[in-house]
Amino acid sequence: QVQLVESGGGLVQAGGSLRLSCAASGRTFSSYAMGWFRQAPGKEREFVASIRWSSGVVYYADSVKGRFTISRDNAKNTVYLQIDSLKPEDTAVYYCAVQEALFLDFGSWGQGTQVTVSS
């Protein structure tokens, strides 16, 4: 079992930046990839970005390409999400999750971190 703790959210003005962190503990050595998702008020949770632990291959949702950067620090078992040029529509609770193997769903969700962007 993997435990995840997100941090780094906050209230920022449009155009600002934030770096979210997701610290993983537990059976992290068996994980295949880590992902970031977000859920805005009244909307379903959506995929934002993912990164494979071993290769570093990354994927992004089209809506965040060019503004979001996912990275990892394997030694710290931590995944980051750098968010630049924030927009009010980025306001959401951001969650990280683990993918144990290719073709499996993401799971072991963290508690989330709130990002609020003011216009």
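**Group meeting: a disulfide, a sheet and a threonine**

Okay, let's start with the sulfurs: Cys-22 and Cys-96 are joined by a disulfide, with 2.0 Å from S to S. Keep in mind that this is a predicted model. The count of disulfides here comes to 1. The torsion about the S-S bond of Cys-22 and Cys-96 is about 65°, so we call this disulfide right-handed. As for where the two ends sit, Cys-22 is in strand β3 and Cys-96 in strand β9, so the pair ties together parts that lie 74 residues apart in sequence. And both cysteines, Cys-22 and Cys-96, are buried.

We have an open sheet of 4 strands, in the order β1-β3-β8-β7, and the pairing is antiparallel. Who's on the edges? That would be β1, residues 2-7, and β7, residues 68-73, each pairing on one side only. From one strand to the next, the twist averages 20°. If you zoom in on the pairing of β3, residues 18-26, with β8, you'll find 6 bridges in the antiparallel sense. To get your bearings there, look for Arg-19, which stands opposite Gln-82 in β8.

In general, nonpolar side chains tend to be buried together in soluble globular proteins. Here, the largest nonpolar core has 28 residues, and Met-34, Trp-36, Leu-81 and Tyr-94 are the ones with the most contacts inside it. Take Leu-81 as an example. Setting aside neighbours within four places in sequence, Leu-81 is in contact with Trp-36 and Tyr-94, and its other partners include Leu-18, Leu-20, Val-48, Phe-68 and Ile-70. Arg-19, the residue opposite Gln-82, is also among the contacts of Leu-81.

Last stop: Thr-91. You'll find Thr-91 in the loop between β8 (78-83) and β9 (92-99). Is Thr-91 buried or exposed? Its relative accessible area is 18%, and the cut-off for buried is under 20%, so Thr-91 counts as buried. Not counting residues up to four places away in sequence, Thr-91 touches Ala-40 and Pro-41, plus Gln-114, Val-115, Thr-116 and Val-117.

Note on methods. Residues numbered from 1 in each chain as written. Predicted model: local features only at pLDDT ≥ 70, side-chain atom pairs only at ≥ 80, totals over all residues. Heavy atoms only, no water. Buried < 20%, exposed > 50% of the residue type's maximum accessible area, 1.4 Å probe, protein only. Contact = heavy atoms within 4.5 Å. Pairing = 2+ DSSP bridges. Axes fitted to C-alpha atoms, helices over the stretch in contact; angles between N-to-C directions. Disulfide = S-S within 2.5 Å. Core = buried A, V, L, I, M, F, W, Y, C linked by side-chain atoms within 4.5 Å.
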